[in-house]
Amino acid sequence: MREVNLTDFAAAHADGAVVVDVREPFEYIEGHVPGARLVPLAQLPTALGDLPRNRPVYVICASGNRSLAAAQFLARAGIDARSVSGGTGAWARSGRPVATGPNA
């Protein structure tokens, strides 16, 4: 498991990276990285079969704490998981676009 900084994540995101947001639905609706798939941390074990094993999976939360735990879990399951340092909060503060709503 690796932790990536916001600059490296933004570059990967621009290239179509797989992004998993492990926050709760109410947090996700309030604002998330465009294209991020919502999988609350407690539901991550049931989503293992849906995540790619042939490319990195970027895991994000509000600040980076939950995403670290999630990335460690995914790495133990054989997934190249990378926690986004600073999370969605850092993404929004950097002026990058934030999507809102349940399906954005």
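**Salt bridges, sheet and cores in a predicted model**

Asp-80 counts as partly exposed, at 30% relative accessibility. In this predicted model, Asp-80 forms a salt bridge with Arg-82, with the closest N and O atoms 2.9 Å apart. Arg-82 counts as buried, because its relative accessibility of 13% falls under the 20% limit. Through salt bridges that share partners, Arg-2, Asp-80 and Arg-82 are joined into one network.

The count of salt bridges comes to five. One of them pairs Asp-21 with Arg-23, where the closest N and O atoms are 2.8 Å apart; both Asp-21 and Arg-23 are buried. In another, the side chains of Asp-50 and Arg-37 meet at 3.5 Å, N to O. This pair links distant parts of the chain, since Asp-50 lies in the loop between helix 3 and strand 4 and Arg-37 lies in strand 3, 13 residues apart. Asp-50 counts as exposed, at 55% relative accessibility, whereas Arg-37, with a relative accessible area of 32%, is partly exposed.

The strands form an open sheet of five, in the order 1-5-4-2-3 and with parallel pairing. Strand 1 (2–4) and strand 3 (37–38) stand at the edges with a single partner strand each, so one side of each has no neighbour in the sheet. Within the sheet, strand 2 (residues 18–21) and strand 4 (residues 57–60) run parallel and are joined by four bridges. Val-19 has Tyr-58 as its bridge partner in strand 4. Helix 4 (residues 65–76) packs on the sheet, where it touches strand 1, strand 4 and strand 5 (81–84). The direction of helix 4 makes about 175° with that of strand 5.

The largest nonpolar core has 16 residues. Val-20, Val-22, Leu-44, Val-57, Val-59, Leu-74 and Ile-79 have the most contacts inside this core. Two or more residues each are given to the core by strand 2, helix 3 (44–47), strand 4 and helix 4. The largest share, three residues, comes from helix 4. With neighbours within four places in sequence left aside, Val-57 is in contact with Val-18, Val-20, Pro-52, Ile-79, Asp-80, Ala-81 and Arg-82.

Technical notes:
Residues are numbered from 1 along each chain as its sequence is written. This is a predicted model: local features need pLDDT of at least 70, side-chain atom pairs count only at pLDDT 80 or more; totals for chains, interfaces and linings use all residues. Side-chain values use heavy atoms; hydrogens and water are left out. Two strands pair if DSSP finds at least two bridges between them. Contact means heavy atoms within 4.5 Å. Axes are lines fitted to C-alpha atoms, for helices over the stretch in contact, and angles run from 0 to 180 degrees between N-to-C directions. A nonpolar core is a set of buried Ala, Val, Leu, Ile, Met, Phe, Trp, Tyr and Cys residues joined through side-chain atoms within 4.5 Å. Buried means under 20% relative accessible area, exposed over 50%, partly exposed in between (1.4 Å probe, protein chains only). A salt bridge is a side-chain nitrogen of Lys or Arg within 4 Å of a carboxyl oxygen of Asp or Glu.
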